[in-house]
Structures are given as C-alpha cells and as structure tokens.
Amino acid sequence: MPRTGRKEKILEQASRLFRTKGYHATTIRDISEASGMLSGSLYAHIQSKEDLLFEITDRGAERFLSSLAPIVDSDAPPEEKVRRALAVHMRVIADNLEAATVFFHEWKALSDERRAVIQAKRDEYEGMWARLLAEGRRQGRFQMVDEKSARLLILSAANGVYQWYAPDGEWSAEQVAERFARLLLDGLVTGERSEGK
C-alpha cells in the first residue's frame with residue numbers, strides 16, 4: 001500500500017494511541033477520530049487495526065536493522081562498533097519514540113504469522129550484535145566469559161530506554177549511548193583504555 005500523507009497520519013495517531021492506551025484498548029473509532037476522519041473512511045487505507053500494528057512494528061524492525069548492518073560490516077575496531085551501534089540504536093528510539101514503544105511493548109499482540117515475521121527480524125538484529133561481540137572476543141579486545149549474557153545485558157539496557165527517555169530531557173540520545181558504552185566497555189575492553197574516553 002502506498003505511503004500517502006493520510007496513511008502516515010493514521011500511522012502516527014495509531015502509534016500515539018497504542019503507546020498511551022495500549023493496542024487492545026485502542027479502537028478503530030479512537031484512531032479515526034484522532035486522524036480526523038470517519039471510521040468508514042479509515043478502511044480505505046487499512047483492512048484492520050492489526051494492519052497498523054504490524055506496519056508500525058515492521059518499520060521499527062527495519063529501522064533497527066538498516067542502522068546496525070553497516071556498522072557490523074565495517075572495518076572499525078570492535079569497541080568503536082559498540083559505540084556506534086549503541087548510538088544508532090538510541091537514535092532510532094529517540095526519533096521514533098512512540099513507534100519504538102509500540103515495537104517493544106505491543107508487538108506480541110500480533111497474530112501468530114505476523115508475530116513470527118517480527119520475531120525473525122528481532123532475531124536477525126540480535127544476531128548482528130552476536131557477530132559484533134564475537135569479533136571483539138576473537139580479536140582479544142573483549143573479555144567475556146559468556147557472550148550470550150553480554151549480548152542480553154546490552155540489548156536489555158538499550159531496549160529499555162524507551163521507558164524513560166525524554167527528547168527534552170537532560171541527555172541527548174547520543175549522550176545516553178556514550179554513557180552506556182563507557183559502562184560496558186570499562187568491563188569489556190582489555191589492555192589500553194578505548195579511544196575517546
């Protein structure tokens with residue numbers, strides 16, 4: 001379906017409502033009223049409320065994947081990749097706070113087939129982080145007893161940012177990322193302290 005201005009407004013309002021009310025508590029009427037149209041008119045742009053949830057979560061998944069892939073594939077040192085990876089992760093959240101909240105919190109409300117699509121993309125994203133950490137360990141830059149635990153720690157911390165981040169708050173997305181990176185790398189990097197500290 002083409003991304004018309006009206007469709008984008010519907011998605012924007014759906015993201016806001018799913019974030020504030022939750023997916024199940026939000027009705028088609030809520031979305032249509034917030035979008036400034038009749039409920040019947042909404043169906044010219046979507047087939048169901050779940051269509052909106054799927055598009056919001058799928059776009060979120062694609063933003064995370066497309067932001068991380070070039071960093072993982074780059075020739076940068078592993079510790080620099082961690083910094084950049086956290087920075088783009090935080091930027092995706094900051095730039096799409098309502099949609100990111102829906103992506104992290106409401107995606108399990110999708111039907112089995114659509115949830116599997118999003119789960120596969122989430123797994124792909126986690127796999128990129130696994131590659132990044134494994135590379136750092138192979139190069140002797142990261143000291144990890146358990147790569148899986150390290151990955152889960154990083155992603156749990158990064159994914160939870162949507163719950164407290166405020167665009168007009170004390171820290172920018174990049175400052176949050178740098179603080180996280182320093183905490184992580186102080187426990188991961190062996191030998192000399194990483195550059196930029």
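1. Helix H8 has a buried side. Ala 150, Arg 151, Ile 154, Leu 155 and Ala 158 of H8 are buried, where buried means under 20% relative accessible area, exposed over 50% and partly exposed in between, with a 1.4 Å probe and protein chains only. These residues lie on the same side of H8 because they cover an arc of only 120° around the axis; the arc is that of the directions from the helix axis to the C-beta atoms. In an α-helix there are 3.6 residues a turn, so residues three or four places apart point the same way. Lys 148, Leu 153 and Ser 156 are exposed on the face of H8 turned away from its buried side.

2. The model is predicted, local features need pLDDT of at least 70 and side-chain atom pairs count only at pLDDT 80 or more, while totals for chains, interfaces and linings use all residues. Residues are numbered from 1 along each chain as its sequence is written, and side-chain values use heavy atoms, with hydrogens and water left out.

3. H8 comprises residues 147-159, 13 residues in all, and reaches 18 Å from its first C-alpha to its last, close to the 18 Å expected at 1.5 Å a residue. The expected span is 1.5 Å times one less than the number of residues. At the start of H8, a side-chain oxygen of Asp 146 comes to within 3.0 Å of the backbone nitrogen of Lys 148.

4. As to the whole chain, there are nine helices and zero strands; helices (H or I, at least four residues) and strands (E, at least two) are DSSP runs, numbered from the N terminus. The C-alpha trace spans about 65 × 35 × 25 Å along its principal axes. Of the 197 residues in the chain, 48% are buried.

5. Which residues form one aromatic cluster? The members are Phe 64, Phe 103, Phe 104, Tyr 125 and Tyr 162. Rings of Phe, Tyr and Trp (its six-membered ring) pair if their centres lie within 6.5 Å; planes under 30 degrees apart count as stacked, over 60 as edge-to-face and the rest as tilted. By this rule the count is six aromatic pairs. One of them is the tilted pair of Phe 64 and Phe 103, at 5.5 Å centre to centre with 40° between the planes. This pair links distant parts of the chain, with Phe 64 in helix H4 (residues 49-72) and Phe 103 in helix H6 (residues 97-105), 39 residues apart. Phe 64 is buried, at a relative accessible area of 4%, and Phe 103 is buried at 5%. The rings of Phe 103 and Phe 104 are edge-to-face, because their planes stand at 70°, with centres 5.2 Å apart.

6. Charged ends also sit over rings, a term that requires NZ of Lys or CZ of Arg within 6 Å of the ring centre and within 35 degrees of the ring normal. The charged end of Arg 122 sits over the ring of Phe 103, 5.1 Å from its centre. Likewise, the charged end of Lys 49 sits over the ring of Tyr 23, 4.3 Å from its centre.

7. An unreviewed UniProt entry annotates residues 27-46 as "DNA-binding region"; such annotations may be inferred rather than shown by experiment. In the model, residues 27-46 are 55% helix and 0% strand, with the end C-alpha atoms 14 Å apart.

How values were computed:
Polar contact = N/O pair within 3.5 Å; in protein donor to acceptor, adjacent residues only side chain to side chain.
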